[in-house]
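Hi everyone, thanks for coming.

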Amino acid sequence: MGTNVSLEDNFQTYVDGENKVEPKDWMPEKYRKTLIRQISQHAHSEIIGMQPEANWITRAPSLRAKLILLAKVQDEAGHGLYLYSAAETLGESREKMISDLQSGKAKYSSIFNYPTPSWADMGTIGWLVDGAAIQNQVMLTRTSYGPYARAMVKICKEESFHQRQGYEVVMKLAQGTPEQKAMAQESLNRWWWPSLMMFGPSDDESPNSAQSMKWKIKRKSNDTLRQEFVDKTVPQVEYLGLTVPDSDLKWNEARGHYDFGIINWDEFYAVIQGNGPCNKERIAHHVEAHEEGAWVREAANAFAQKQAQRKKNTGAAA
Amino acid sequence: MNKDHWKLWEVFLRSKNGLSHKHVGSLHAADTEMAIQNARDVYTRRSEGISIWVVPSESITASAPDEKEPLFAPSDDKVYRHPTFYDIPDDVEHM
Amino acid sequence: MNGGWLAGKKSQFTKDEALKEYFKFLADDALILGQQLSRWCSKGPVLEQDIAIINTSLDHIGRARLLYQELAKIEGNGATEDTLAYFRDHQEFRNALLLEQPNGHWGDSVVRSFFIDTFNFFLYDGLRRCENQVLAGIAEKSVKEIAYQAQWSAEWVIRLGDGTEESHEKVQKSIDNLWMWTGELFEKYPVFESLDSSFIDFSTLKTQWIEKVALVLETATLQMPNPESWMQTGGRLGVHTSHLGFILAEMQSLPRTYPDAAW
C-alpha cells in the first residue's frame with residue numbers, strides 16, 4: 001500500500017471488508033454528517049411516533065389493551081433514547097437535535113403526520129407502520145457504524161412484539177362484529193399508501209441512497225425494501241379477509257413479486273414539506289412539553305449543584 | 001451548558017452474576033440517583049440487568065484509535081467529543 | 001360520617017360485601033391513578049422522565065388488573081376485570097378523591113403521587129400478611145414496585161422543593177392545593193369493622209404517613225400544611241368530584257359504544 005492511498009480509500013476498503021466503524025475512528029466528514037442526519041431523523045420518528053398512539057392510551061377498550069399500548073409507546077420512547085445516544089457518539093448533542101426537530105430543520109418519518117381517529121389505527125400502525133419500519137431496521141442491524149448497529153439490534157429485539165401486537169388488534173377487529181370489521185378496513189384504507197411511502201422515494205429519485213449503500217450505512221435500496229414489504233404484507237391482509245386499497249395490485253408470476261399501483265408522490269412531498277394533516281400539531285405538542293418542562297429540568301440541575309456543593313463541604317470538613 | 005440541559009451518563013449492566021458489566025448506552029440525568037433510576041427504567045425494561053453502573057460520560061477517558069491495529073492515520077480527536085459506545089469486543093450479532 | 005353530604009350511605013356490611021368494597025378501594029385507586037399518569041406519555045419534561053412516569057402508570061394499571069380479576073371472581077355473575085373498569089358509573093367507583101384530581105403541571109402530579117405512594121407503601125407492606133391469600137400475594141408482588149414509586153416521587157418533591165426559587169414556589173402551591181384531599185385516605189370506614197384485622201384499617205396508617213411526609217417535606221425545605229385542617233371526603237362512598245365523570249367518559253367510551261364487541 002503506497003502512501004498516496006487516501007484516507008477515504010482506506011475507509012472504503014475497511015467498510016467493504018464488513019468491518020464496523022467506531023466513534024473515535026477516522027471517518028469522512030460526509031459519512032459522519034449522513035449518519036447524524038439519519039440517526040437523529042430515526043430518533044425523532046420514534047419520539048414523534050409516540051403521539052398518534054399516546055392519543056389512544058386513555059381510551060383503550062380493555063385493560064389488557066391499555067397495558068400493551070402503554071408498554072409499546074414506552075418502548076418507542078426507549079428506542080428514541082437509544083438512537084439519540086448513538087447520534088451523540090458522533091458529537092451531536094441531544095439538545096441540538098431537539099432544537100433542529102422543533103425548528104423544522106430535522107425531519108422525521110412522514111407517516112406520523114397522519115391522524116389516528118380510530119382504535120383500529122392502533123392495530124394498523126403496529127402491523128403496517130412498525131412492519132415497514134422493521135423491514136428497514138433489520139437491514140440497519142448490519143449498518144457499518146457500530147453504535148447505530150448495536151442500537152438497532154436492541155430495537156429489533158423489542159420491536160418484534162410491536163408488530164405482533166398490532167396484528168392481534170386488527171385480527172380481533174376483522175373477526176369481530178360487522179362494525180369492528182368495517183373499522184379495520186377503514187383504517188387499512190387510510191394507512192396502506194402512507195406505509196408504502198415510508199420507504200422513501202424511488203431509487204432513481206433518491207440522491208443520497210447510492211453513497212449510503214456504498215458506505216454500507218444502508219444495505220438495501222428503497223424500492224427493494226418496499227417490494228419486500230408488499231410481498232410479505234399482502235398475504236397477511238388476505239388472511240384477515242380485508243382488501244388492499246389498490247386496484248392495480250396483482251401477483252406477477254414472472255417477477256415472483258406483487259405488482260402494485262403508483263404511489264402518489266405529490267402527497268408524499270407535500271407531507272414532508274409540512275403540509276400533512278398533523279405536522280403542525282405534532283411539533284407544537286413537542287414544543288409545548290419541552291417548554292413546560294423547562295422549569296423542572298432547571299430545578300433538577302439546581303438541586304444537583306447544591307448537592308454536589310454540600311458533598312464538597314462535608315468532604316472538606318472531614 | 002444551558003441551565004435546563006442535563007448531563008450525559010454512560011450505563012453499564014451486569015446481566016447475571018458471573019458476567020462483567022457491559023456498556024449498553026447512555027442517558028441524560030441531573031444527578032446520580034436520577035441516573036440510576038433512569039437507567040433502570042430505560043435499559044432494564046425487560047429485566048436485562050441485575051446490577052447497574054452509571055458514570056458521567058465526561059469522566060471516561062478513551063484511548064486513541066491508533067493504539068489498536070493502525071488502520072488509518074491517527075484521527076483528529078476534536079470532532080468526537082463523546083467517548084460513548086467505545087469499542088467492545090463482541091460481535092454485533094451476539095449483543 | 002352521618003348527615004349532610006353523605007347522608008343515607010350504607011353503614012352496615014356483611015363480610016362478603018365488605019370484602020368487595022375493600023378490593024374496590026384498592027383497585028379503583030390503582031386504575032384511576034394509572035389512567036391519570038398515562039396522560040403524561042409524550043408530555044414529560046425530558047424523555048427519560050417520560051419513560052419513568054409511564055413505568056409507574058404501567059405498575060398501577062397492572063396492579064388494578066390483578067385486583068379486578070380477583071374481585072370479578074368474588075362478584076361472579078359474569079363480571080370480568082373489564083366489566084368492572086368499563087361498565088360501572090361514577091357512583092360505583094370507590095377511589096379516593098385525591099387520585100381523580102387533574103394532572104396539572106409536573107409538580108402537581110409528583111405531589112399527588114408522593115401522597116398516595118407513601119400511603120400505598122405502608123398499606124401494601126401491611127397487606128402482605130393479609131389473611132386473604134390472593135391479596136397477600138398481590139401485596140407481596142406490588143410492594144417492591146410501590147417502594148420504587150415512593151422513592152421516585154419523594155426524590156422529585158425534594159428536587160423541586162430544594163431546586164430553584166420558581167420550583168420551590170410551584171411545588172409548595174401543589175402541596176397546599178392537594179392537601180385537603182389527603183385526609184380522606186385515613187378515614188375509618190364501616191367496611192373495616194366487618195373484615196379480619198389483617199385487612200389494614202386505613203386510619204391506622206395516618207401517624208406513619210404524617211411522619212414520612214413531614215420528613216420528606218423538611219428535606220425539601222417545604223412547609224407541611226396542618227393535618228388537622230378541613231378535609232374533603234366522599235370517594236370511598238361513591239361521592240366524587242366532576243373530574244371522575246370526564247375520566248370515565250373518556251376511558252369507557254369505546255366499550256360502551258360497542259357493548260357487544262370483544263377487543
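Let me begin with a term: buried area is the accessible area, taken with a 1.4 Å probe, that two parts lose on being put together, summed over both. The size of an interface is often given as the accessible area lost when the parts come together.

Before the numbers, some housekeeping. This is a predicted model, where local features need pLDDT of at least 70 and side-chain atom pairs count only at pLDDT 80 or more, while totals for chains, interfaces and linings use all residues. Residues are numbered from 1 along each chain as its sequence is written, chains are lettered from A and ligands numbered from 1 in the order in which they are written, and side-chain values use heavy atoms, leaving out hydrogens and water.

Now, chains A and C. Between them, chain A and chain C bury about 3900 Å², with 70% of that on carbon and sulfur atoms. In contact (heavy atoms within 4.5 Å) are 45 residues of chain A and 49 residues of chain C.

How many salt bridges are there between chain A and chain C? There are three, a salt bridge being a side-chain nitrogen of Lys or Arg within 4 Å of a carboxyl oxygen of Asp or Glu. One of them joins C:D162 and A:R310, at 2.6 Å from N to O.

Let's move to chains C and B. Here about 1100 Å² is buried between the two chains, 52% of it on carbon and sulfur atoms. On the chain C side, C:E48, C:Y148 and C:R159 lose the most area to chain B, together 48% of what that side buries. The contact involves 12 residues from chain C and 11 residues from chain B.

Which residue of chain B forms a salt bridge with C:R159? That partner is B:D31, and the closest N and O atoms are 2.9 Å apart. The count of salt bridges between chain C and chain B is one.

Last stop, a residue inside chain A. A:D259 is partly exposed, with a relative accessible area of 22%; that label covers the range between buried, under 20%, and exposed, over 50%, using a 1.4 Å probe and protein chains only. The C-alpha atoms of A:D259 and A:D231 are 9.2 Å apart, although 28 residues separate the two along the chain.
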